[in-house]
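Q: I have a model open and would like to go through it piece by piece. Can you take some questions?

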Amino acid sequence: MAEELHGRTAGMDHLTKALRTAVSGTGAFVTVRGPMGAGKSALLRALAVQADSDGAVVLRASGAPDERDWDFGVADQLRPVPAGFVVIVVDDLQWADESSVRWLIEVASCALVVTAVRDGEPGAGIALPGRVVRLPPVSTAGWSRHRLADCLRRQPEPVRGVARAMAVLGDHAEIGLTTELAGLDDDTGDAAVRRLRSLGLVTSQRNPRFADPAVPDAVLAAMTTSEQDTWHAAAAALLFGRGHPAEDVAEHLVATRSVLPEWAIEVLRAAADTALRRGQRPIALSHLRRAVSAQGPGRAALLVELAIAECATDNLLALQHLCHAIQMLGSCRDRAAAVLRMPLAALGVALPLVQDVIGPVERDVRQLGDRDLSLRIEARLQYAGHADLTELTDSTRRLRELGPEPETAGAAERELLTVLSFSATLLSRAPAKEVAALAGRLLGHVPPGHADEMTQLLVKTLCAADSPLDAAAWTDQALAHAVETGTADDQALLRASRALVAVHLGNVGEARLLAKSVLDHVQGERALVGSDAMLALAVVALKVQDEQLSERLLSSPVEVGDPRTALVLDLVRGTDAVARGDAWGGLRVLTDAGRQLDQLGWRNVVFFPWRTTAVRLHQQFGDVGAARNLAEEDHERAVEWGAPAGVGRTLRVLGSLTEGAEGVDLLHASESALSTSANRLELARTHLALGLRLRDRCEQAATDHLRRCHDLVVECGDERLARQIGTHLRGEVRRAELTRTERRVVALAVAGQSNQEIAHSLSVSVRAVEKHLTNSYRKLGVLRRADLAGALSHPF
Amino acid sequence: MFEVTGPPGSGRTALLGRIADHVTRQGTRLIAARASAVESTLDGAVLARVLADLGADPDRSMTERCRVLLEAGPLVLVLDDAQWLDESSVGWLRALLRRIHRAPVVVVLANAGLGTAAEDVLAELAEDGSVTASPWYVVRLPEPAVDEDRIARTLHLMSDVDITLLRAMAVCGGHFEGSPARELADLDRGLADRAMTRLRGLGLVAADEPRLTDGVARAVLAAMSADQRNELRSRAAVLGHQAALGFEQMSAILLEAPPVGAEWARLVLQREARVLATAGRTAGAARLLIRALSEPADPATRADVLIQLSQCELDHAPEAGDRRLVQVLHMTGPAMSGPRLRAADLLACRENFRVSRRAIETALAHPDLAESEQEALRGLHWYVVSVAGEPAELGVPAVRPLPDSPEDPVCQGIAAWHLARGGRDGAAAVALATRALAVRGPGPLTPRIAAAEVLSWTAEYETALAGIEAVLVDGRRYGARVAVAEAMMLRCAVRLRQGSVVAAAEDLAGVEAELPRGCWSPLLSARHLVLEVVLLLAADLVDDARQALVSEPPAEGAPGLAHAWRLFAHGLVALVTEPETATGAFLDCGRCLLDMGVVNPAVLPWRFFAATGWRAAGEAAHADALVAETCDLAVRWGVPGFLQEVQEFADVVHAVPAGDAASAFVAQLFPGLLARHPVAAGRLLELTCG
């Protein structure tokens, strides 16, 4: 065995030395060996350049797989060899014909012959004289698919088989599995792996891995479709037989188009379940789709599974799959069960489709005489009509039909009543009080921490009926529960609900924080927030009127497919445009969206208070008639619905449009209406309106109102309104209330001293300074230190 | 080594020609050859030509063949359409290229990037890194604009894989993602990806997403035979169903595919049609439904499809729609009773009365009709006859008259309406109407609308509204568009009588949203005109009201109910502008109504308005006679609520002064009078008259 030199540098040193000897006409034979892509050709080329510059005659040749049978094929590329300082460079010698090799060895007596041989190739075993330079494999090979495919094609069947098995198995390519899949015994398998290693295609770990992702690509590309199908099917069967987890098996089942074996459906289902649990929805969907594409007795059930999994991403498609499933299901009960398993949200997207598909199911169930089942299906059908004026009217009628105090003992009744009360809330033609009472009773049946779509409807109903307190307790519990056990998506949905509750309690500060946290989640990758949460957020944004929140909501990456939610978002867009100074454009957007909501039957004034903004804008533009018309319309609706928050607000709007004593009376009426409302911010606003209206006539009363407004606003955490009132309140009125020490502390703080410095100069503790400052903030109606100076100096 | 590459039509051959000219001008030896698709399977075709040019013997060994060329240098070898090189020519080229580093030989070749076997070899050679590889320069020509001609030319040149993929995509509406195109083409991911890259390179697939560019799908489909297309589309439909594609996509595939022969195909088409129709895209929905008819179905199901289709065709082919309904009425078979009744009901709404009457008569002649269906059909027949007038043709089969107190809800509604028109026995009419309205579900809506109308004539507004709302729900659910429009119009009328102008205006706008003006029947549009005029006058927009009269197309055919309503609308405008001239129109209106047997003053208050006109013209005696007649008729009708309204209205009419004062009085009175309840008008009168 000839002496071996390892590495490129050592090789190049040796070659340079050989070159020097060759100047005198002394020949030598050097072989550069290494796996594919190790840089043999590059080394040869470098040598050729150097030899050329040293004045040698450089002759180049290379072997090619097709030319192995050409006698003297390589030699012919070189002949005739001139006399003198000659360097012969031959690449890919493993493919050279025997005669050429013999000739080269002969020539090496008078010329320097440098050859390259690729390890692992069939012809690489040739015996050559002289030194061997061995190049190690290069990690970043960057081989082209052509070269790889070409190289693999020439390998014997077992080697190709192992390569295929490894490529098909991917991450699970253990040596045992690989050889079994390739159908080889252990010895042949080992030999094949060794060959792949010497080619540099496979790493030298115990469990072989491909050296580069290009290799499996090339291997797979060289396989035909039916080969891939067969191999993946075999891989699935093998992994299944060896008890691998369902998701590993499922991966191969998805990749094959062969007929699925009987066990495959169960495996795919299990894998989909796992993926869903891990939040990998696309994977779950692909598993289920694969299972569905197989004809079989369980296809209908699978379609239902698929539909349920799809609900989060594509409600319409989910519904269509449910249609297919229902058509295939034989028994009436199965069909009903399929409908009941569907999330409500999916049933709200296409009313005609739902009526076509679920209507017959309902009729069948009714004939079956199962009252509970038919009530539950009816609940779904009623929900499907929740964005259609006619259907909403019908739902309200149905609710009335069930009597003033309907039975709530059965779960089925409760479902129907939940949906009906939600519909009645949207349409707002039933008395809010009754609806709220019913919703409250229904919520009383919900176990703590149990969050489902039906309960979410109740929360909305209670909020819009101005009874958010009941809902608050429930959302808090559910949220706490979800934080412990639920997914991030569940938590986000509940937080959106909680924000909705908070905003209807008037706690805009809390609502804003919650809404922002939901939006943070939405911005994250793979977050799935349905249009339900978006709707809640839109209502929150509409009421909080915080530009930052609106902007974030409007630019959130969630695609809102639901046209109703899109309309409510349009309302937010309109208000946002107004806040940014585009009053005309904003008004147009707002009115358009509002009217469209009206046509859908979404007429709840508490939920969608768009007219209030529109009235203000009309007033700004001097169109008092339009403003009054809108305000009256709003008030009429509010009275019809009867929730104090709505009635009070619309009275205030009317009051501010009306001059003189009549206006003041309206404002007082608003105050008394709102005194029973859960929304304290609305009451605060009315106090503000009263305070401003009365300030010329009755200063004491005005101050009183403003002060009450201020207290409420601070409690609600509405910074902007607090600031506004802070400027409205007479500085001196407030200042008079400061104690002497508080006044001194404030003066020092305004002068720019830190709490420490103030404490020092007044010889009190820092804690005492903090306390004085906090009291002063409250009394002056400011929220932070920076506002103190303004509050002290700002006149009314 | 130079490679010129670019899609078909990018000018490769022209460029090669210019190179050849240049080479020749310089005096260098040029050898040019061109491969062709036809010869790509003919071994050694191109090589033989090149060797012939060199004057060499083609039968020598490969080494010799290379040497011949290399020793003939300096020369330039130009090979056009290298993608079609045959196998041994490619082998020769490969051997040659590994040897040209020693010889003064330049090779220039052009290829189209179609992914042929020869191109694969060339790509491999280009990547060759061995010491003998010569520099390889690639000239990439820009993509030419895609036009039909070029697409056609390109299609001729493409490989089978590419064609298969193209066809599959064309059948799937040009899409690849989320469509069964890949399964249809039977390609694995790798092959499909590579084919897609090539198609993108050829400009047939959009650069940003895997979708065929404009015009490609058409060209590809046109280049297939009908059988091929049908076969591929049938497979696409089945594959799509297996993969549980969305309805929109499935229906697009099914629309072009031959009948699948399965229930799911019909259901998909029917449901997508329903969704489209709800979104107002009725023409598209109709196409789907016509396609659905070619799938097998039992008669009742088929009738369902026909009924759905008739409602979609209302917008663009109303007569065809009517014919579909007639077809349903002519159908026999089990479980046909429901569809037949629905079809009869829809036809009755359509006011294509002769057609509907005859169709119902034919249906009545079916020997195996159930008693209940017979009753219901008879009721509808009666409705049609009384709206259209007695048939004037000969040989009309006698249909038994409606009984006075029928048991069937359809007949009850119609009977109530019949009684009410005649202005007799109000209490009985109300009882019948209330019973007719108690029915819910997909059954006939016409009698329910008629019953609700009867209640509106008896001042039972809330009950009427509840009935109308139920009709709206059922009409929408079961897709009876005309009935929904009629119900909306009726609700508008009821709300006007109640005095809710805003709600009434909303309803009137709803009518148009429900059913475009183009497919309104004469009576529907005449009634709409009256309501529109009333609302406009109530809003004091007299000019707009006049404009509405002008823009309304003139009545065609014999004077009937539609004519009466139209005259009433004209009368109203005249009354507000020139009260003394209004009488004529109202009297004509009354004549038409009486001719049709409509006596009840609650239907239209033409007598009062004519009396107002008489009074304005100073003809107090005529006026008093009409008022007295109205009061008598109201007494005969015998509904207390209406009677009270009539008396209040009569007081208003009595107060109308004659002459010039009339105009001012009426003008002052009218917006309110029209907009509000007559009761409110009465109060208004007290105010104005002091």
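Q: Which domains does the domain assignment give for chain B?
A: This is a predicted model. For chain B the assignment lists domain 1 (2–140), domain 2 (402–520) and domain 3 (560–690).

Q: What separates the centres of domain 1 and domain 2 of chain B?
A: Taken over C-alpha atoms, the two centres are 85 Å apart.

Q: What does the UniProt annotation say about residues 4–108 of chain B?
A: The unreviewed UniProt entry annotates that stretch as "domain: Orc1-like AAA ATPase". In the model, residues 4–108 of chain B are 44% helix and 17% strand, with the end C-alpha atoms 7 Å apart.

Q: In what order do the five strands of the open sheet in chain B run?
A: The order is β2-β3-β4-β1-β5 (chain B), with parallel pairing.

Q: Which strands stand at the edges?
A: β2 (29–34) and β5 (137–140) of chain B. Each has a single partner strand, so one side of each has no neighbour in the sheet. From one strand to the next, the twist averages 15°.

Q: Over how many bridges do β3 and β4 of chain B pair?
A: Five, between strand β3 (residues 75–80) and strand β4 (residues 105–111) of chain B. V78(B) has V108(B) in β4(B) as its bridge partner.

Q: And which strands does helix α1 of chain B touch?
A: Helix α1 (residues 12–26) of chain B packs on the sheet and touches β1 (2–5), β2, β3 and β4 of chain B. The direction of the helix makes about 165° with that of β3(B).

Q: Now backbone angles. What is phi of D466(A)?
A: Phi of D466(A) is near 60°, a positive value in a residue other than glycine. Most residues other than glycine have a negative phi.

Q: Where is D466(A), and is it buried or exposed?
A: D466(A) is in the loop between α23 (453–464) and α24 (468–485) of chain A. D466(A) counts as buried because 27 other C-beta atoms lie within 10 Å, and the cut-off is 20 or more.

Q: What about A244(B): which loop holds that residue?
A: The loop between α11 (226–242) and α12 (247–256) of chain B. A244(B) is not a glycine but has a positive phi of about 55°. A244(B) is buried too, with 22 other C-beta atoms within 10 Å.

Conventions: Residues are numbered from 1 along each chain as its sequence is written. Chains are lettered from A and ligands numbered from 1 in the order in which they are written. This is a predicted model: local features need pLDDT of at least 70, side-chain atom pairs count only at pLDDT 80 or more; totals for chains, interfaces and linings use all residues. Domain bounds come from an automatic or database domain assignment. Helices (H or I, at least four residues) and strands (E, at least two) are DSSP runs, numbered from the N terminus. A residue is buried if 20 or more other C-beta atoms lie within 10 Å of its own, exposed if 12 or fewer, and partly exposed in between; C-beta atoms are placed from the backbone. UniProt positions are given in the numbering used here, feature names are shortened, and annotations may be inferred rather than shown by experiment. Two strands pair if DSSP finds at least two bridges between them. Axes are lines fitted to C-alpha atoms, for helices over the stretch in contact, and angles run from 0 to 180 degrees between N-to-C directions. Two residues are in contact if their C-beta atoms, placed from the backbone, lie within 7 Å.
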